[in-house]
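Here's a quick walk through one protein chain, from a single residue out to the overall fold. Have the viewer open as you read.

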Amino acid sequence: MQQALLVFRAALALAKETFAPIPIVLVYVPSPLAVYRLVTEEVPIDAYEGPYQVHRREEVARRTDEICAGVSAIAAAVGVDFLDARPAIRAAARDRPVHGPGDWKHLNRAGYEALGQAIAGALAGERGDGRCRALDPPATAAR
């Protein structure tokens, strides 16, 4: 993860330099697993590559917070605005799934609408302080 964040920082710095007059808002979009309330201690996932995987609920929460913090720190260091989209996507997921049903690895219409509204708010000047947000408990997946 640290190597990926270093490469990402360099790429973001290059983008900011190349497109200097254009404001950039960096948006952290969580993995599907980090959106829903996980009701079991361990959760199996369907990985794109490699073997079947199981993740502990606490590890999922820790990892999304760790990644968000790393991306937020990069945004601050490079000097771009940052938006943590997790609260908006999780709020939408309280009422209905925001992924699937045809593809559970990507947002569906409800998910994209929640993401779009969060981004629109950021672009309208509701950027906040550029930090990761404390999360309410995520929604329970209704599949």
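Where is the place of Gln2? Gln2 sits in helix α1, in what is a predicted model. Gln2 counts as exposed because its relative accessible area is 55%, and the cut-off for exposed is over 50%. In sequence, Gln2 and Ile67 are 65 residues apart, yet their C-alpha atoms are 9.6 Å apart in space.

In general, nonpolar side chains in soluble globular proteins tend to be buried together.

Which residues is Ile74 in contact with, leaving aside neighbours within four places in sequence? Those are Leu5, Phe8, Arg9 and Leu12.

Zooming out, the chain has 4 helices and 6 strands, and from the N terminus on they run α-β-β-β-β-α-β-α-α-β. Take the contacts between residues at least 6 apart in sequence: 67% of them join residues at least 24 apart.

Some whole-chain numbers:

| Property of the protein chain | Value |
|---|---|
| Box filled by C-alpha atoms, along the principal axes | roughly 45 × 35 × 25 Å |
| Accessible surface | about 8800 Å² |
| Share of that surface from carbon and sulfur atoms | 58% |
| Residues that count as buried | 32% of 143 |
| Distance between mean positions of the 17 positive and 17 negative charges | 2 Å |

How does the radius of gyration fit in? A compact globule of 143 residues would have a radius of gyration near 15 Å, and the protein chain has 16 Å, so the two agree.

One backbone detail deserves a stop. Which peptide bond is cis, with omega near 5 degrees? That's the bond from Gly100 to Pro101. Pro101 is found in the loop between α3 (86-93) and α4 (109-123). For context, most peptide bonds are trans.

Technical notes
Residues are numbered from 1 along each chain as its sequence is written. This is a predicted model: local features need pLDDT of at least 70, side-chain atom pairs count only at pLDDT 80 or more; totals for chains, interfaces and linings use all residues. Side-chain values use heavy atoms; hydrogens and water are left out. Contact means heavy atoms within 4.5 Å. Helices (H or I, at least four residues) and strands (E, at least two) are DSSP runs, numbered from the N terminus. The radius of gyration is taken over C-alpha atoms; the globule rule is 2.2 Å times the number of residues to the power 0.38. Buried means under 20% relative accessible area, exposed over 50%, partly exposed in between (1.4 Å probe, protein chains only). Accessible areas come from the Shrake-Rupley method with a 1.4 Å probe; for residues, only the protein chains shown count as cover. Lys and Arg count as positive and Asp and Glu as negative; His and the chain ends are not counted. The place of a charge is taken as NZ of Lys, CZ of Arg, CG of Asp or CD of Glu.
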